[in-house]
Amino acid sequence: MTTLQLLLSYANTPLHLAVFATTPLELLSFLLSVATVWLNIRQSHWAWLFAIISSATYGLVFYGSRLYGDMGLQLVFITVSIFGWYQWLHGDDRHDRLPVTSLTARGRVIAGVAWLAGFVALAWFLKNYTDTDVPKSDAFLTAGSLVGQLLLSRKKIENWHVWIIVDVLYVALYLHKHLMLTAILYAVFVGMAVIGLRAWSGDTHGGGRRLALE
């Protein structure tokens with residue numbers, strides 16, 4: 001057994017917390033993800049570093065649960081996180097810090113169409129080429145998460161609306177897959193998304209700087 005296999009074996013050792021079971025890997029991913037969203041709310045560009053690490057660890061968690069759409073999504077998240085990190089630091093017209101802005105009506109339509117198109121394509125792929133037992137829900141939430149992450153990378157306030165919808169539905173999905181800690185995580189995410197929406201809503205009038213951390 002290789003060193004990597006030994007590490008993964010330990011990381012997936014059953015761990016009992018209160019009345020539910022988890023693994024060290026899922027617990028680590030939980031903590032990193034909470035830190036990521038908290039830093040997003042505070043508009044700290046370091047959120048993207050935590051996003052990259054938590055996406056990598058959660059990719060392994062989802063692989064073990066046959067949530068292949070979510071697993072693939074983590075790879076996309078890593079790529080988008082690199083893009084988002086640059087955008088937050090140098091994404092405005094003067095290559096300076098990106099302010100919080102809202103989508104135009106056209107932008108909202110494009111985001112909605114992109115979500116629908118992603119859902120149709122991913123549902124077809126997951127149903128025909130994987131052994132997942134939840135192709136439609138996995139596809140819908142994966143597509144929505146991609147839209148939310150892209151909006152977040154451009155500091156569009158609508159990203160929080162998307163995350164509220166997605167996170168509520170993810171709670172149900174992860175309960176179904178017996179990922180109890182992850183279900184709790186996404187319930188926490190719902191509350192944090194509401195906080196983020198309120199914080200960023202006030203910040204749109206201040207040029208997107210009031211909550212920014214160095």
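## The cavity

A search of the whole structure, a predicted model, finds one cavity of 30 Å³ or more. A cavity here is a set of points, on a 1 Å grid over the protein atoms alone, where a 1.4 Å probe fits but cannot get out. The volume is the space filled by probe spheres set on the points, which are joined across faces, edges and corners.

The largest cavity is lined by 27 residues, and the closest to its centre are Val 37, Phe 77, Gln 149, Trp 163 and Phe 189. Lining residues have an atom within 4 Å of a point. The lining divides into 17 nonpolar, eight polar and two charged residues. Ala, Val, Leu, Ile, Met, Phe, Trp, Tyr, Cys and Pro count as nonpolar; Asp, Glu, Lys and Arg count as charged; the others, Gly among them, are polar.

Helices α2 (24–41), α3 (47–64), α4 (68–90), α6 (135–153), α7 (159–176) and α8 (180–203) each supply at least two lining residues. The largest share, seven residues, comes from α3.

## The fold

The protein has eight helices and two strands. From the N terminus on, they run α-β-β-α-α-α-α-α-α-α. Both kinds of element are DSSP runs numbered from the N terminus: helices are H or I with at least four residues, strands E with at least two.

Of the 214 residues, 47% are buried (under 20% relative accessible area, with a 1.4 Å probe and protein chains only). The protein exposes about 11000 Å², and carbon and sulfur atoms supply 71% of that area. Areas come from the Shrake-Rupley method with a 1.4 Å probe. Among contacts (heavy atoms within 4.5 Å) between residues at least 6 apart in sequence, 68% join residues at least 24 apart.

Ser 145 lies in helix α6. Its relative accessible area is 1%, so Ser 145 is buried. Leaving out residues up to four places away in sequence, Ser 145 touches Leu 73, Phe 77, Trp 163, Val 166 and Tyr 170.

Most residues other than glycine have a negative phi. Gln 43, in the loop between α2 and α3, has a positive phi near 60 degrees. Gln 43 is buried, at 1% relative accessible area. Lys 155 sits in the loop between α6 and α7. Its phi is also positive, about 55 degrees. Lys 155 counts as buried because its relative accessibility is 3%.

## Basis

Residues are numbered from 1 along each chain as its sequence is written, and side-chain values use heavy atoms, without hydrogens and water. In this predicted model, local features need pLDDT of at least 70 and side-chain atom pairs count only at pLDDT 80 or more, while totals for chains, interfaces and linings use all residues.

Definitions and conventions. Buried means under 20% relative accessible area, exposed over 50%, partly exposed in between (1.4 Å probe, protein chains only). On a 1 Å grid over the protein atoms alone, a cavity is a set of points where a 1.4 Å probe fits but cannot get out, and a pocket is an open set with protein on both sides within 12 Å along at least five of seven lines; lining residues have an atom within 4 Å of a point.
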